[in-house]
Amino acid sequence: MKNVILLTVAILGFGFAASAQTISKNAIGLRLGDSDGFGAEVSYQRALSDNNRLELDLGWRDGKHYDGFKLAGIYQWVWNIDGGFNWYAGPGAGFGAYSIDNDYKKYGHFEDDSDTFVFLAGDIGIEYNFDFPLLLSLDFRPELGFGDDKFDNNDLDFDIALGIRYQF
């Protein structure tokens, strides 16, 4: 009898916890971080189940002497904290490319016009889901890059960003 009651309580508890972890099917917006994360990124999240999702971020950088882009894909598990607060974590990867202006090259800073790189990433963050379709998040994303040393892509970078997304 004790086992039946314990099992019933466990099943009910799991059911309430699972329903509290539902996330939005889609969210799109901006992820605003530091220069390691290319500043502003267009961010899209797609729910894969009730408590995990895929996030795709496209960042670009346009400077006086260079242009670049970076695409990241992150798989995230999402856990409910309380109310509208969730925390999430997950692994990811991506790639990017830089293109150097020839005027900058002639001053002897770089020898090649372009460079590409790949990276592995992790992501951990906290988010607040408002009653209306707005999602605010703050996350920390360490990235380990693999590329040529000339553009500092072959090292460990830390990206902290604020996300603002519309849910639909």
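Me: What share of the 168 residues in the chain is buried?
Reply: In this predicted model, buried residues make up 34% of the chain.

Me: And the surface, how much is there?
Reply: The accessible surface of the chain is about 9800 Å². Carbon and sulfur atoms hold 64% of that area.

Me: OK, new topic. How many helices and strands does the chain have?
Reply: Two helices and eight strands. Starting at the N terminus, the elements run α-β-β-β-β-β-α-β-β-β.

Me: What do the eight strands close into?
Reply: A barrel, in the order E1-E2-E3-E4-E5-E6-E7-E8, with antiparallel pairing. Neighbouring strands of this sheet are turned by 25° against each other on average, ignoring direction.

Me: How many bridges do E4 and E5 pair over?
Reply: Over 14 bridges, in the antiparallel sense. E5 covers residues 85–100.

Me: Which residue stands opposite Tyr98 in E5?
Reply: Gly68 does. Tyr98 also belongs to the largest nonpolar core.

Me: Which residues make up that core?
Reply: Six of them: Ala72, Ile74, Tyr98, Phe117, Phe119 and Ala121. Strand E4 (66–82) and strand E6 (114–129) are the elements that give two or more residues to this core. E6 gives the most, with three.

Me: Why would residues like that sit together?
Reply: In soluble globular proteins, nonpolar side chains tend to be buried together.

Me: Pick Phe119. What does Phe119 touch?
Reply: Leaving out residues up to four places away in sequence, its contacts include Lys70, Leu71, Ala72, Phe95, Leu144 and Phe146.

Me: What about contacts across the chain, what share comes from residues 24 or more positions apart?
Reply: They account for 51% of the contacts with a separation of 6 or more.

Key. Residues numbered from 1 in each chain as written. Predicted model: local features only at pLDDT ≥ 70, side-chain atom pairs only at ≥ 80, totals over all residues. Heavy atoms only, no water. Core = buried A, V, L, I, M, F, W, Y, C linked by side-chain atoms within 4.5 Å. Buried < 20%, exposed > 50% of the residue type's maximum accessible area, 1.4 Å probe, protein only. Helix = DSSP H or I, 4+ residues; strand = E, 2+ residues; numbered from the N terminus. Contact = heavy atoms within 4.5 Å. Areas by Shrake-Rupley, 256 points an atom, 1.4 Å probe, with all protein chains shown as cover. Pairing = 2+ DSSP bridges. Axes fitted to C-alpha atoms, helices over the stretch in contact; angles between N-to-C directions.
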